[in-house]
Amino acid sequence: MLEIDLQLTKDGVVVVSHDPNLLRTAGVSSNISDLNYDELPLLKTEIPIDFDPCNVCRGSDDDRRIPRLSELFERYPRLPINIDLKSHNPLLIQKVSDLICEYQREDLVVWGNFSDDVVRQCHKQNPAVEIGRAHV
């Protein structure tokens, strides 16, 4: 199972990103929520790993865009995913739920977050999606 963190751009695009601010991953001190998807900077080719300071994650120059959730669903149609919404944003919850339904992923994703309140709101929006085991 893949665990992903999601953010919402200014123009309502759900993107895969742990950090709400782009400084660590793209070198630009802007919040994802303040930019339209087409305005997001490219990711760095090397990103420090916070929990392992001696190492970095290296990527290629091929495609350094921040991925949309829809792209992840299209590329990996049968991959189970734990979805962690990084903010308590009703619009983000709704858009993620809509994408889960559009791609018929209800049986392949679970709601997960450190906040029980966020998980409850997600499950209320789409009760067909399971809640991660830490919240049962």
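Author: What follows is a walk through a few places in this model, which is a predicted one.

Reader: Let's start with a helix, then. Which residues of α4 are buried?

Author: Helix α4 runs over residues 116-125, and within this helix Val 118, Val 119 and Cys 122 are buried. These three cover an arc of only 100° around the axis, which puts them on the same side of α4.

Reader: Why would residues a few places apart point the same way?

Author: An α-helix has 3.6 residues a turn, so residues three or four places apart point the same way.

Reader: And what does the face turned away from the buried side of α4 carry?

Author: That face of α4 carries Arg 120 and Lys 124, and these residues are exposed.

Reader: You mention α3, so at roughly what angle do the axes of α3 and α4 cross?

Author: The two axes cross at roughly 45° and come within 10 Å of each other, and that angle makes α3 oblique to α4. The crossing of α3 and α4 is right-handed.

Reader: Which residues meet there, between α3 and α4?

Author: From α3 there are Ile 93, Gln 94 and Ser 97, and they meet Gln 121, Cys 122 and Gln 125 of α4. Cys 122 is also one of the buried residues of α4.

Reader: Changing topic: where is Thr 9, and is Thr 9 buried or exposed?

Author: Thr 9 sits in the loop between β1 (2-8) and β2 (14-16). Thr 9 has a relative accessible area of 3%, and is therefore buried, since buried means under 20%.

Reader: What does the side chain of Thr 9 have 2.9 Å from one of its polar atoms?

Author: A polar atom of that side chain lies 2.9 Å from the backbone nitrogen of Val 13. Leaving aside residues up to four places away in sequence, Thr 9 also touches several others, among them Val 15, Ile 32, Tyr 37 and Leu 40.

Reader: And Gln 104, is that buried or exposed?

Author: Gln 104 is exposed, with a relative accessible area of 61%, and is found in the loop between α3 and β6. Its phi is near 50°, which is a positive value in a residue other than glycine.

Reader: Last one: how many residues apart along the chain are Ile 4 and Leu 85?

Author: They are 81 residues apart along the chain, while their C-alpha atoms are separated by 8.4 Å. Ile 4 lies in strand β1 and is buried, with a relative accessible area of 5%.

Conventions:
Residues numbered from 1 in each chain as written. Predicted model: local features only at pLDDT ≥ 70, side-chain atom pairs only at ≥ 80, totals over all residues. Heavy atoms only, no water. Buried < 20%, exposed > 50% of the residue type's maximum accessible area, 1.4 Å probe, protein only. Helix = DSSP H or I, 4+ residues; strand = E, 2+ residues; numbered from the N terminus. Arc of directions from axis to C-beta. Polar contact = N/O pair within 3.5 Å; in protein donor to acceptor, adjacent residues only side chain to side chain. Contact = heavy atoms within 4.5 Å. Axes fitted to C-alpha atoms, helices over the stretch in contact; angles between N-to-C directions. Parallel < 35°, antiparallel > 145°, perpendicular 65-115°, else oblique. Left-handed = near helix turned anticlockwise from the far one by under 90°.
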